[in-house]
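Dear colleague,

I am passing on the structure we spoke about, and my notes on it follow below. Please read them with the coordinates open.

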Amino acid sequence: MIISELIKKVESLPEVKQAEVFDFVEFLLERLEPEERQLSPGEDWNDVDFSELSMVQALRGMEDDPVVYTLDDLRERWT
């Protein structure tokens, strides 16, 4: 389905149902991971979006790295 078809279908709904569609889209956008989210043209990054994307990019490729530290490596232990 292309966007123009979707828009026509949404426009054919009563206003109350259009609001439900809008709410559902907002819900889906909130659940997206930062790397999945696409900004609309002209949309600025907010601090949360930028921070999340920065962390994802900083840790990219480290998922499979082995842990090389043990408890013996700690300088100070908090109990």
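Which residue takes a positive phi just after α3? That residue is G61, whose phi is about 90°. Helix α3 itself covers residues 47-59, and its 13 residues reach 18 Å from the first C-alpha to the last, close to the 18 Å expected at 1.5 Å a residue (the expected span being 1.5 Å times one less than the number of residues). Helices here are DSSP runs of H or I with at least four residues, numbered from the N terminus.

This is a predicted model, in which local features need pLDDT of at least 70 and side-chain atom pairs count only at pLDDT 80 or more, while totals for chains, interfaces and linings use all residues. Residues are numbered from 1 along each chain as its sequence is written, and side-chain values use heavy atoms, with hydrogens and water left out.

The structure holds 1 salt bridge (a side-chain nitrogen of Lys or Arg within 4 Å of a carboxyl oxygen of Asp or Glu). E20 forms a salt bridge with K17, and their closest N and O atoms are 3.4 Å apart. Because E20 and K17 are 3 residues apart in helix α2 (residues 15-31), about one helical turn separates them. E20 is partly exposed at 44% relative accessibility, and K17 is also partly exposed, with a relative accessible area of 40% (buried means under 20%, exposed over 50%, and partly exposed in between, with a 1.4 Å probe and protein chains only).

In helix α1 (residues 3-11) lies I3, which is exposed, with a relative accessible area of 60%.

Best regards

Methods. Helices (H or I, at least four residues) and strands (E, at least two) are DSSP runs, numbered from the N terminus.
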